[in-house]
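Please keep the sequence and the model at hand while reading.

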Amino acid sequence: MRKSIVLIFFIVASIILCGNAQEQSNIKNNQTKTWWKEAIVYQLYPRSFKDSDGDGVGDLKGIISKLDYLKSLGIDAVWLNPIFSSPNDDNGYDISDYRNIMKEFGSMKDFEELLAGLHKRKIKLVLDMVLNHSSDEHEWFKQAKSSRTNPYRNYYHWWPEEKGKPTPRYSFFDVNNDAWKYEAETKSYYLHYFSQKQPDLNWENEKLRNEVYDMMKFWLDKGIDGLRMDAFQYVSKDTTWKKYPDGYEKDIIKYYGMGPNLHNYLKEMNKSVISKYNVMTVAEGAGSTLEDAHSLVDEDRHELNMAYHFEIMDIGNDPKGYKLSDLKKAFTKWDYSFANKGWLAIFLGNHDVPRMVSKYGDDSQQFRAYSSKLLTTLIMTMRGTPFYFNGDELGMSNIKFNNIDDYRDIATVNGYKTAKAKREDLKAFLDKQKFISRDNTRTPLQWDASANAGFSTGKPWIKVNPNYKTVNVATEEKNPFSELSYFKKIVALRKSQPVFVYGDYKVYDIENQDVYCFTRVDGNDKVLVILNFTKKDLSYTIDKNINTVNAKLLINNYEGMNAIDNNTVKLKAWQSLAFKIHQP
Ligand code: NOJ
């Protein structure tokens, strides 16, 4: 009897140990095959995608009418920016009802039809979870502000007047950059890291957390496939409200991000919600260090599964340009750190930054198309899950408004008021917005050369980029060499070559300011990528350790190329090439 108990003990122990060893080895080589590592995610900005009812605002029915377009791209998943009820102070990032659809966008029935239509086409759906704050028009906040004893009071952060002025906190969108707003009704201030209409939720409150988890299950049970966690790094506050040093706002993530209980909340959320579904979970913002990012997404942490960090986004914000080596170093630093553990999202554009071609490429008439294809090549050949912003497949560029009245984004509109109040140079402010405003990227998707680019029969909520007559889906679909055709080609290439997903990345010649050259290697599967980031034709000598004999061209953003001669290749302006190679 004793013997058999010992035997059973050994069998159970070895099963557990083997399981752990298996997990350990998976963690080590980052090769565990997972759908979300292999997916290409298309970010769709619903407000600007397609309007079906002529009110000038994109909607769910509009997206439904373009499902075949999405399918034609070859992408695997769509991330929708928030579609929930919202007064739209920050274009849906201020949610007034987490379980309903924004009126302008349609109904729950439309949502269900959209989800079914995507799934029918084997496209997954990722929703945007805005959980750091709600709208001030959310029922929770209306209750909370009605009295100090209301049961919802602790769903938010309050500072009672009798404690004196609150410790200063910086707000991103407030005209005075003051994150505390006074509420006369209960003689208290409430906290809002973003706009006054975006009060921060109090994650210290278990009741709030459970309510949020239930809401997440509500959407997951409908069959969605992923969650993009908006600004989640900020949810855990230091509720001792200590004073931060002067100038802390210049390094805001260090102070606001990765608060004391963040990991506890994520572990709890993982246990009660995420672990029950096979979903992709994306950490928008990933702290201020590589270690922070790992702590959020490494497999053995059981928190989230993909880091969407901001370091690349922080490069290229000066209209005068950027150093290519800085971009290469940022990509390389993150890739090397995530080579064995954790997983990254790869992107150059989204709804919070300018159009990628205007920022990292060259949006002049001569080079817009080539440089946009080159940037697409970079995204599609890097390790990590590509997050590709709608319209970039057409080579859409910054609209560069001249007038403050054309802007809709709270960041620019309130930023202008701040600059005015501080008597700053308003022309300089507007010049800068032409380059960096988020509205540059939020203009309507350009479907064809008809009025309003075929986006809406009504007046669009934001102006259409005048280049729509030539930069549009209908025109580009007919041209086999267009940006759109190139996008479909490179998506198909990535899908056909697993080395682009799982292969190790290695950079060469990192200090070169003109050319980005790297390899991806997965066993015998090897590719070489060469990108000329300049408007010059040039001759580039490939590292001698790379054997280019019998290199086979996989993709080229020009119609022709010069043969590689003795490891030297002649590149046209903004030319991008990828080859299958044999060594190293
Ligand atoms: C990040 C979102 O991407 C951005 O658009 C929004 O303004 C802030 N979070 C606040 O929710």
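Over the ring of which residue does the charged end of K66 sit?

## Charges over rings

The charged end of K66 sits over the ring of W447, at 4.2 Å from its centre, where a charge sits over a ring if NZ of Lys or CZ of Arg is within 6 Å of the ring centre and within 35 degrees of the ring normal. K33 lies over the face of Y502, 4.4 Å from the ring centre.

## Basis of the values

The model is predicted, so local features need pLDDT of at least 70 and side-chain atom pairs count only at pLDDT 80 or more, while totals for chains, interfaces and linings use all residues. Residues are numbered from 1 along each chain as its sequence is written, and side-chain values use heavy atoms, with hydrogens and water left out.

## Aromatic pairs

A search of the whole structure finds 45 aromatic pairs (rings of Phe, Tyr and Trp, the last by its six-membered ring, with centres within 6.5 Å; planes under 30 degrees apart count as stacked, over 60 as edge-to-face and the rest as tilted). The ring centres of F194 and Y234 are 6.3 Å apart with the planes at 45°, so this pair is tilted. Both F194 and Y234 are buried (buried means under 20% relative accessible area, exposed over 50% and partly exposed in between, with a 1.4 Å probe and protein chains only).

The rings of Y244 and Y255 have centres 5.0 Å apart and planes at 50°, so that pair is tilted. Y244 is buried at 10% relative accessible area, whereas Y255, at 24%, counts as partly exposed.

## Aromatic cluster

F194 and Y234 belong to one aromatic cluster, together with Y170, F172, F173, Y193 and Y256.
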